[in-house]
Amino acid sequence: MEKYPNENFLGKLYVFDGRVTIGFNTEDKKHKIVGKCSVCQKSADTYYDCKNLHCTNERHFISCNNCLKKNKGFCLVCS
Ligand SMILES: [Zn+2]
Ligand SMILES: [Zn+2]
């Protein structure tokens, strides 16, 4: 996970293509929910990869469960 070292990774979870979920120091007291769902702006801290391989957004986006389902795994730009 060299691309996402803990110091720079503020969210809790990163999901690779929706298949693998990796926790990042979730026991760390410094951890707090800092993310916002990119769609509805509710606090969320799970990162997803946009399903669009040619995503023109950053591909990684934070989404809550509702919006992830609604947008079928695509980011706000691609959905
Ligand atoms: Zn949402
Ligand atoms: Zn996208």
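This report walks through a predicted model of one protein chain, from its overall layout to some of its individual residues.

**The chain as a whole**

The protein chain contains one helix and four strands. The chain has 79 residues, and buried residues make up 22% of them. Among the contacts with a separation of 6 or more, 42% are between residues 24 or more positions apart.

The average pLDDT for the protein chain is 75, and 58% of the residues score at least 70. Confidence is lowest in E2, with a mean of 51, and highest in H1, at 94.

**The nonpolar core**

Which residues make up the largest nonpolar core? There are 11 in all: Cys37, Ala44, Tyr47, Tyr48, Cys50, Phe61, Ile62, Cys64, Cys67, Leu68 and Cys75. At least two residues of this core come from each of strand E3 (46-49), strand E4 (60-62) and helix H1 (65-70).

Is isoleucine 62 buried or exposed? Isoleucine 62 is buried, because 22 other C-beta atoms lie within 10 Å, and 20 or more are enough for that label. Along the chain, isoleucine 62 and lysine 36 are 26 residues apart, yet their C-alpha atoms are separated by 6.5 Å.

Cysteine 75 also belongs to the core. Apart from neighbours within four places in sequence, cysteine 75 is in contact with Ser38, Cys50, Cys55, Asn57 and Phe61. Of these partners, Cys50 and Phe61 are core residues too.

**The loop between E2 and E3**

Two residues are worth a visit here. Glutamine 41 is found in the loop between strand E2 (20-23) and E3. Although glutamine 41 is not a glycine, it has a positive phi of about 70 degrees. Glutamine 41 counts as exposed because it has 10 other C-beta atoms within 10 Å, and 12 or fewer is the limit for that label.

Lysine 42 lies in the loop between E2 and E3 as well. With 12 C-beta neighbours inside 10 Å, lysine 42 is classed as exposed. Beyond its neighbours within four places in sequence, lysine 42 is in contact with Lys36, Cys37 and Cys64. Two of those partners, Cys37 and Cys64, are part of the nonpolar core described above. Lysine 42 and serine 63 are 21 residues apart along the chain, and 8.7 Å separates their C-alpha atoms.

**The loop between E3 and E4**

Further along, threonine 56 has its place in the loop between E3 and E4. Threonine 56 is exposed, with 10 other C-beta atoms within 10 Å. Its C-alpha atom is 7.7 Å from that of valine 77, a residue 21 positions away in sequence.

**The segment after H1**

What is the phi of lysine 72, which is not a glycine? The phi of lysine 72 is positive, at about 55 degrees. Lysine 72 sits in the segment after H1, and it is exposed, with 9 other C-beta atoms within 10 Å.

Phenylalanine 74 is found in the segment after H1 too. Here the label is partly exposed, because phenylalanine 74 has 18 other C-beta atoms within 10 Å, a count that falls between the limits of 12 and 20. Setting aside neighbours within four places in sequence, phenylalanine 74 is in contact with Cys50, Lys51, Asn52 and Ser79. Cys50 is also a contact of cysteine 75.

**Pairs set apart in sequence**

| Pair | Apart along the chain | C-alpha separation |
|---|---|---|
| Isoleucine 62 and lysine 36 | 26 residues | 6.5 Å |
| Threonine 56 and valine 77 | 21 residues | 7.7 Å |
| Lysine 42 and serine 63 | 21 residues | 8.7 Å |
| Phenylalanine 74 and arginine 59 | 15 residues | 8.7 Å |

Methods
Residues numbered from 1 in each chain as written. Chains lettered and ligands numbered in written order. Predicted model: local features only at pLDDT ≥ 70, side-chain atom pairs only at ≥ 80, totals over all residues. Core = buried A, V, L, I, M, F, W, Y, C linked by C-beta atoms within 7 Å. Contact = placed C-beta atoms within 7 Å. pLDDT = per-residue confidence, 0-100.
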